[in-house]
Amino acid sequence: MPLPNLASFLLLTTLSHEGTKTLQAEQKPLTLLCIGCSLIAPSVLLLFKSVWKACYKSSKLPRKASAALVLFFEFIVSVGLAVLTIVAMPHLDIVTNVTILSGVAVLSALLQAVAQCTVKKINVFLLPSIIASLVIFLGYGLFIALYIMKDPKDAKTAIWVGLAIGGSILVSFNWWENYFGDISVKSKSNFLKYLFEDLTKCQNMLHIFSSLLRIVVTACVLGAYVPLAKMDWDVVTSIPSRETRIVAIIIGVQLISSALCHWFALAACKMHAIRRCFILPLYLSSLAVIALFIVPVIIYYQDYKLGLNTTENINFTRYCTAAVNETNQSPSGNVFPQLVLDVTQTLCSLDLAKTANIGLLTGAAASWWIGLVLATVHIWYLNIYRIQKTQDLFVRRLYEGAFIEQSLLLNTRFHIQTKKGRKKHCREDATTAMVYLCATMWHETYEEMMNIMISVFRLDKYRPNVEPKFEDFAFEAHLYFDDAFENVKGSQGRHLNPYAKDLVKIITEVYGIFENLDKTFFEVQQQIPDQSIIETPYGARLVVQMPHGNKIVAHFKDKEKIRNKKRWSQIMYLYYLLGWKLMNKYNKRWKMGCLENDLSKEIQWYTKDYIVAFSFQREKHNTYLLALDGDTDFQPAAVMLLIDRLKMYPRVGAACGRIHPTGSGPAVWFQKFEYAVSHWLQKTAEHVFGSVLCSPGCFSLFRAEALMDDNVMKTYSTQSTEPSHYIQYDQGEDRWLCTLLLKQGWRVEYNAASDAYTNAPQEFKELYNQRKRWGPSTMANVADLLGSTNIVSKKNPSMSKPFMLYQLFAMISAILGPATICLMVAGSLSFLLNIPAAAALVISVIPPAIYLGLCFKLKADTQITIAAVLSVLYAFLMMVVAMFIITSMVKEKTILTPSSIFIVSMSIIYIVTALMHPQELPLVFYGILYIVCIPSAYLLLTIYSMANMNSVSWGTRETKPAAEAATTAATVQQTKSQKAKTTLKRLCSWMKCCKTSNQRSEVEQLSIRQENLNPEPTQPEPQPQNTIVDEASDNEQE
């Protein structure tokens, strides 16, 4: 991309040269105007982006000193850039124009040396910075010798050379901020430190001011130079179409390629391809452009010499005279030969017949290029993380369209690196994060539980705890099984129900698969030891150590001992993992003195209280909870993307991935397209304009520091006592948790590349019951945020008032959804039956009104049955209307009707969005089903949800066990001898006399045992090992 950008810009400067003939002399203002557009375009884009960020993000007005400093530098940079490109470069040769742009690195090289000298230590890149400054100044000297020494009396040439050098030096002030931070931090001046802090906090407003200043200055220089050069602006409107087309193509290529080059450069850096896809292409682009322009000149020169058929030596000066005559004789025809001759004309001003001039030209070009390389050699050793923030990669948001490669290289952040600094940086990057996988389960089927267990064991293989190759994070899996017990006739106590037994069986089965995954068929397969279940105050617990050393803990909840349902399971693991386990682990380290030993080397002035607070804060910051559903299927790479995002952005409290519904049938097809559209458009819009409002509990990563913030965990554990509480707290618990995080100033983000798969309702009844929960809870949480707009917008930088206005508009649109559907149906009836609009509206309102009345009289199952019938009727109506509209468009040969415009616009939006997600392109075909089901989703479902808000049932998985579960649920009546054996073992356990392990088959009834003995040291044995331990001993193992 830098090649077409630089080539097109140089063509514009070449066409502006006074000796070129593709454009006549009086037509030169057109190319000068295009050069001005290429300078202004990045500033216009920066202005729009900064205004958008100022509206939707936090923005503060800078102090007068900060604004004055920034505007001063922007003024001299914009003046220098305009003078260099508009005034000076059109009078120079093509080689000089290519390489003089590399001379803008002169001040950057000097500031690098100054910044590194402030460290007062041996720096890695100090010598290259000094050499770069000297080499660039050498290039300026050779440039002066080339142009002025040939004719010292030529005042015009001296002016152009002086303007070129002065303009390039002024442009080099463009990247002063890259080094001002290092200088101010090491400086003793508080003024510089406050100034740097103000510049960092007020970037949006400063960018607005600076971009406006650049636009005005560039326009003034351009507007003043044209009359001074005795040219007329009026000729711009009367240029022939051929010349206009040539210039339009060139400026179009320049503007588009510069923007794309900037975007691809960002992508290359974030993809860790900084050397081969960022540095090398930018270094080599100047050389490639010189070859692109000079090679055709040489070829034409050689062809001219061969065409003369003479032994006389034809030098380049004689060829220039002939080339000038030829361009004067044929100003029209093929464009390429004329452009080659125009490039030749820029070189004719130099006497290249002399070897000395060729040497001076080559020396100046090589000096500038080598200076640029030495000034940016630090980029080769730049440390970049995955999904690195753009503001951490580049100092300025603005790129320079005139010299995109130099601006990208010099805009890359400069960090002072010493040998000790590198080692310290590596230690800081090696901080290991702790991730707790927390899955809530209830009545999942055998296949669904198999999916999540395979995913957990897959992660265990990806990040083993035994001899790990990477130490970026460690994890521990916790499964919280709701309502896991049942009463069995003829047996004392409560026993695991069939779903919980299935989970135990699946853990054993998946363990065997992953334990023997790398073994050959003929090896003896390892036997899985018996599993024992520990009785706990909330029910029971099963502890399994996976093949690669990570631990998985299944918590079986008894609803007679502890509150059931998903929110209370989440509250349980929040307080267990964060409120008790994390605190206990931290307190133990503090008592043992580990914290003081770890931090004493990093902190010279410390107290014990400071170490305690600092260490605990860091512990919370690097602890994450991955919320999962009992059927979630994910890959380790998806988890890594979420972890990287929370590591990279310290104010992100939660991050969610792209959820893919799985299953079969029309209900699932509808949900696949609905999920796709909501992620493509809604979640992306929330992520860009503000913050994601809902991080789904099926696959989301939460930061412990955010969850432990004020009024988050405590408020989340509030018991529902009012009708609104049941809707907001229990029906949409994941959205309410995000609402609490947003109110505390945390940001929730969306990562489109983090894919997870979850089973979707496959029946119409399940789908309606699920959306009956989601709809009212969404409205309640959005209304809660809107009611606290002033507080939320002040405390959370991502939740600006324009973003809240957008949410208000979305909420009003949802409220008006049923009325909109009625109007749409009325229009369809009027179009089909050719009846008055008023009559059609009355007819369209009758079915939903009747359904609304029936919903207050009939049972929920009957309501859903009626909704299913009406949905089919509405779907047929939508299909017929769509066919009629398409037919009318074909007959009338126009799309300028309201119905046609609606269908065409929606189709374009969905298709274009799908094309931007090529992996999910087939989902577009489900859009047809989605469109015909719009009346059901936005009219009938709304009525059903409103009429059944009193029902707080979950709505899904309220079925009997699956076939596999029923098979494993078959219980065997215990004989008297078995009962006696069980009673004897319990008695021995209570008396603390012995510890035994009961061998049982898969069909035996799993009994619950409670042991208070401390674990004794055991010999290593095949895993999973499920020892009977109490809570204290379990902690000590960590």
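This report describes a predicted model, first as a whole chain and then at two sites. Local features need pLDDT of at least 70, side-chain atom pairs count only at pLDDT 80 or more, and totals for chains use all residues. Residues are numbered from 1 along the chain as its sequence is written, and side-chain values use heavy atoms, without hydrogens and water.

**The chain**

The chain has 41 helices and 12 strands. These are DSSP runs (helices H or I, at least four residues; strands E, at least two), numbered from the N terminus. Of its 1038 residues, 50% count as buried. Buried means under 20% relative accessible area, exposed over 50%, and partly exposed in between (1.4 Å probe, protein chains only).

**Around Asn796**

Asn796 sits in the loop between helix H31 (789-795) and helix H32 (801-815). Asn796 is buried, at a relative accessible area of 1%. Beyond its neighbours within four places in sequence, Asn796 is in contact with Leu742, Gly745 and Trp746. Contact means heavy atoms within 4.5 Å. Trp746 is 50 residues away along the chain, yet the two C-alpha atoms are separated by 6.6 Å.

| Side chain | Backbone atom | Distance |
|---|---|---|
| Asn796 | oxygen of Leu742 | 3.0 Å |
| Asn796 | nitrogen of Ser798 | 3.0 Å |

**Around Leu260**

Leu260 belongs to helix H11 (residues 241-270). Its relative accessible area is 33%, so Leu260 is partly exposed.

Methods
A polar contact is a pair of N or O atoms within 3.5 Å; within protein, one must be able to donate a hydrogen and the other to accept it, and residues adjacent in sequence count only if both atoms are side-chain atoms.
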